[in-house]
Amino acid sequence: MGLLSKKDSKLILDPLADNNPITIQVLGICSALAITAQLKPSIVMAISVIFVLGVGNVIISLMRNIIPSKIRIIVQLIVVATLVIIVDQVLKAFAYELSKELSVFIGLIITNCIIMGRFEAFALGNGPWKSFLDGVGNALGYGIILIIVGFFRELLGSGTLFGFKVLGDPVEKTFLYSIGYENNGFMVLPPMALIVVGIIIWVQRSRNRALIEEN
Amino acid sequence: MEHVELFFKSVFVDNMVFAYFLGMCSYLAVSKKVSTAVGLGAAVIFVLTVTVPLNWLLDQYILQEGALSWLGAEFADYDLSFLSFILFIATIATMVQLVEIVVERFSPSLYNSLGIFLPLIAVNCAILGGSLFMQSREIESFTLALNYGFSSGIGWFLAILAIAAIREKIRYSNVPAPLRGLGITFIITGLMAIGFMSFGGMLTGGDEEIEVSEVRSAEVEKTSELNTENIAQNETLEVSEITPQ
C-alpha cells in the first residue's frame, strides 16, 4: 500500500467491525435510529457524519496544542456546530425534501456522541492525518450500521429500495406478492430500528465471541 | 387544557427515548443501576426545564425571521435561523456549567448526587433535541415551552428508570451469551417502545369526541339508528392506529 501504511489502514478498518462505534463502543445511537426507515436518508445521514467527523477531527487535531483543557468541550461543540450548519445549509439548498424528512436529526449530529467521543479520545492526542483517517473510519463504521438497518427496514417494511419496488407491486400483485407475500408494516415503525440493531449485535457477537459482555 | 394535553403528549406519546431515540447514549451507558439512573434522570429534567424556555426566548427575539424587529425597523427582515444550532448548543453548554457552579455552591449534597452527571448532559441529544423540537413545532408561548421542557424531561426520566429496573432484574436471567449487555438492552427498549406506541391513540381522543358528536347531531336530524356512531368510532380508531406514523 503506497498511500496508507499498515497502521493507518488499521485506523480505518478497525471501526468497521470489531471496534464499531454503534455496536461495540455504544456511541452515536441517538441520531442513528430515527432516520433509518428508508435507505436514502440513512445514506445521506452517513455521508453527513463522515464529512463532519473527518473534517472536525482534522480541525481539532490542528488546534490541539492551543485549546485550554478547561474549555475544550465548548470549543469542540462550536467546531461541530459550525460544520453541521454547513451540512444543513447544503442539504437545504440541494435536497430540500430530504432535509425536511431528516428534520431535527441533522442538527442532532452536534450531540452525536461519536463525534465528541472521537475528538476527546483521538484528535486531541494525534496528528491531523491520523485523526482524519480515524474520523473517516469511525464515521464509516457508523454509516455501515445505518445502511444495514435502513436496507432491511425499507426492504421488509415497504418492499422497496431507494423507492424502487424490488419485490414487485403490492397493488397489482406481481412477483413476490403474487404468491401471497405481504409487507411487514411493523418494520417501518420506530421500535423496529432498536430490535434490528439488537439483532445485528447478536450476529456480530456470535461470530466474534471475544466481544461478549458480562451480564 | 392546552397544558395538560402538551404534558401527556410529551411524556407518553412523543417520549424522547421511545419515539425519537434521543439521549440514547447516556440512556444505555448509565442504566445499569436504578440509583444512578435516577440521578441522571433528575439532572436531565432540570436542565431541559431550564434550557428549553431559554432557547425559546432566543428563538423568538433573535433567531426567527423578523424576530429582530424590536431593535428597529431596519432589522425587521433579518433571518438568523441558520445560527440556531450554534446558539442553542452554546446556551446549553453555558447553562450546564452555570447550573453546576450554582448547585455546588448552594447544595453540596445535591451536587454530589448530580455532579458527575452534569458534564455528560451538555452532550446529551435529548437536551438539544428538546430545543430543536421546540423550534420546529413552533410552540406558541413561554409557559408552553417551559411545560414542554419539563414534561419531555419527565418522559426521559421514566424511560431510564424503567430500563434500569429491568436491567437490574435481568442480571439473574439466562440471556443468550452474544445478546448479553447491549444486545438485550436494545431489544427490551424496542419492546418498550412498542408498548409506548399504544399511548398514541390517547390524544386522538379529543378529535374523536368532536367527530362523534357531529355524527350524533347528524343522527338526530336523520333519526337513524345508533349503530353509525359505533361504526364512526371504529373508523376513527383505525385511522388513529395508522396515523402515528
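This is a predicted model: local features need pLDDT of at least 70, side-chain atom pairs count only at pLDDT 80 or more; totals for chains, interfaces and linings use all residues.
Is Glu138(B) buried or exposed in this structure? The fifth point below returns to that residue, after the chain and its interface have been described.

1. Among the contacts in chain B with a separation of 6 or more, 75% are accounted for by residues 24 or more positions apart.

2. Turning to the interface, 43 residues of chain B are in contact with 45 residues of chain A. The size of an interface is often given as the accessible area lost when the parts come together. Between chain B and chain A the buried area is about 3,900 Å², and carbon and sulfur atoms give 81% of this area. In chain B, the residues that lose the most area to chain A are Phe21(B), Phe85(B) and Pro178(B), which together make up 18% of what that side buries.

3. The elements that give two or more residues to the side of chain B that touches chain A are helices H2 (16-20), H3 (24-29), H5 (84-106), H8 (125-136) and H10 (182-197) of chain B. H10(B) provides the largest share of that side, with 10 residues. Sorted by kind, the residues of the side of chain B that touches chain A are 31 nonpolar, 10 polar and 2 charged.

4. Most residues other than glycine have a negative phi, and most peptide bonds are trans. Phe21(B), although not a glycine, has a positive phi of about 55 degrees.

5. Glu138(B) also has a positive phi, of about 50 degrees, although it is not a glycine. Glu138(B) lies in the loop between H8 and helix H9 (142-170) of chain B, and the answer to the opening question is that Glu138(B) counts as exposed, because its relative accessibility is 59% and the limit is over 50%. In helix H8 of chain B one finds Gln135(B), which counts as buried at 18% relative accessibility. Leaving aside its neighbours within four places in sequence, Gln135(B) is in contact with Asp59(B), Ser84(B) and Phe88(B).

6. Over all chains the structure holds 11 aromatic pairs. One of them joins Phe8(B) and Phe12(B), whose ring centres are 6.2 Å apart and whose planes meet at 15 degrees, so the pair is stacked. Phe8(B) and Phe12(B) are separated by about one helical turn, because they are 4 residues apart in helix H1 (residues 2-13) of chain B. Phe8(B) counts as partly exposed, with a relative accessibility of 35%. Both residues belong to one aromatic cluster, which is formed by Phe7(B), Phe8(B), Phe12(B), Phe18(B), Phe196(B) and Phe199(B).

Technical notes:
Residues are numbered from 1 along each chain as its sequence is written. Chains are lettered from A and ligands numbered from 1 in the order in which they are written. Side-chain values use heavy atoms; hydrogens and water are left out. Contact means heavy atoms within 4.5 Å. Buried area is the accessible area (1.4 Å probe) that two parts lose on being put together, summed over both. Ala, Val, Leu, Ile, Met, Phe, Trp, Tyr, Cys and Pro count as nonpolar, Asp, Glu, Lys and Arg as charged, and the others, Gly among them, as polar. Rings of Phe, Tyr and Trp (its six-membered ring) pair if their centres lie within 6.5 Å; planes under 30 degrees apart count as stacked, over 60 as edge-to-face and the rest as tilted. Buried means under 20% relative accessible area, exposed over 50%, partly exposed in between (1.4 Å probe, protein chains only).
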